[in-house]
2 protein chains.
Amino acid sequence: MALARRGKHSRDELRRMALDAAESLAAAEGCGGLSARKVAAAIGYTAGTLYLVFENLDDLVLQVNGRTLDELHARLEAAMPPNARNDPEKALIVLAHAYIGYAETETPRWSMLFEYIAGKGGTLPEWYRHKLGRVFSLVETALRPFVHDEPEARRVARVLWAGVQGICTLKIRLRMDLAGGQSAEEMSDMLIKNFLLGVVALRPPVQPPPRSGSS
Amino acid sequence: MALARRGKHSRDELRRMALDAAESLAAAEGCGGLSARKVAAAIGYTAGTLYLVFENLDDLVLQVNGRTLDELHARLEAAMPPNARNDPEKALIVLAHAYIGYAETETPRWSMLFEYIAGKGGTLPEWYRHKLGRVFSLVETALRPFVHDEPEARRVARVLWAGVQGICTLKIRLRMDLAGGQSAEEMSDMLIKNFLLGVVALRPPVQPPPRSGSS
DNA sequence: ACACGAAATTGAACGGCGTTCAAATTTTTA
DNA sequence: TAAAAATTTGAACGCCGTTCAATTTCGTGT
């Protein structure tokens, strides 16, 4: 009956509603339970309508992933202790635990970060790479007391975080229990501690905070 | 015309042919270009026939992944220098480079290891976990000179390899160039060197090979 | 030589998918 | 009020995984 009820929702409202619905759907039914028809039905529209607002389903998923990265960044930032600079190892461990916690709590959405994008041909769009960079930069700043040179700090942070990510993938995505039952947290603790030992062995840290009470 | 040419191929022949075809298809068109109808057509059968030999498509993919793990194990084993025990760091780096090389050469099949299985509910079947364990055990033996305690060596190997895997995921699957253009090899070298420095710092290695000429 | 049951394979069908687009409807504008 | 523009639909296309009655072929006993 009621066809084409124009003006009900602006384009931006539509976008927001669709992304909300997609998030809920993915969280509820897992990453595979997401389809254009389902998302559209959840917001009272038809599949075709989504194509006025998104290029295609992959685009929609990419937008959801963008939101996920924002949320992840916020969580990690909130978890960072304010006195992080005093004990970088502790800060990195806290960061890693927060990341693992997010991956375990929001498994479908976290998993989606690695499922949909991979298949496409080209590179990730710039805005998406920026969001990714923000997450990595948290690790970078936590590492800063250990690695003064900025590009080197970038490299070290990337490597370390890729390692934490790999541990999460094995434990959560592939549900592998190959390590004799140790948790992802224990594994990442081990990675971080050993890796940092190597880092400081090669690059002596700045200097211990001044011992005297003055200044 | 020629319907139901029974006896042409035994069940096991059918299995083998289907797996071969699936491998080729995946390698040619990427992991997404695999479908029951295509696989069946490639071996001159119909989609329905595959269901006499496999539980479903996920099962077929799991079998292909099993083959991939076998091939990967063979490659890594072949890459291991025979004198690996003399220089474990070198051995691990060689192993990591071989792994990265496989991931880069056989990207679709390697990628499939992380794409299809994750979605399912249950745990991986035992035979599959065994194949995985074989790959990990190569890392484990390379590490052995550094970590004597066997369960600890398992844990260390898992953590280190998860890290290498994470680097590959970032560089190859997600095509991320966030680290200022350093290659996966450079990143994994960094991971391994720093990590091993930490390992030997905490656990002094067995003993340097005897210096004296005797014995 | 022939028939008959068992084995093997098909092909159509079901429901769902992403995507496109002419048509239908509503709103805006003139 | 009539024409133009904007909005949304719903049907269609070709694909997908999966199932299963029907069909064809084979092996066997007589």
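The contact between the two chains of this predicted model takes 41 residues from chain B and 42 residues from chain A, where two residues are in contact if their C-beta atoms, placed from the backbone, lie within 7 Å. On the side of chain B that touches chain A, the elements giving two or more residues are helix 6, helix 7, helix 8 (150-173) and helix 9 (184-202) of chain B, helices being DSSP runs of H or I with at least four residues, numbered from the N terminus. Helix 8 of chain B supplies the largest share of this side, 13 residues. By class, the side of chain B that touches chain A has 22 nonpolar, 13 polar and six charged residues; Ala, Val, Leu, Ile, Met, Phe, Trp, Tyr, Cys and Pro count as nonpolar, Asp, Glu, Lys and Arg as charged, and the others, Gly among them, as polar.

Chain B can be laid on chain A with an RMSD of 0.1 Å by a turn of 180° and a shift of 0.0 Å along the axis, the superposition being by least squares on the C-alpha atoms of residues with pLDDT of at least 70 in both copies. The two copies are therefore related as by a two-fold rotation axis. The same surface serves both copies, and 100% of the contact residues of chain B recur in chain A.

Residues are numbered from 1 along each chain as its sequence is written, while chains are lettered from A and ligands numbered from 1 in the order in which they are written. Local features need pLDDT of at least 70 and side-chain atom pairs count only at pLDDT 80 or more, whereas totals for chains, interfaces and linings use all residues.
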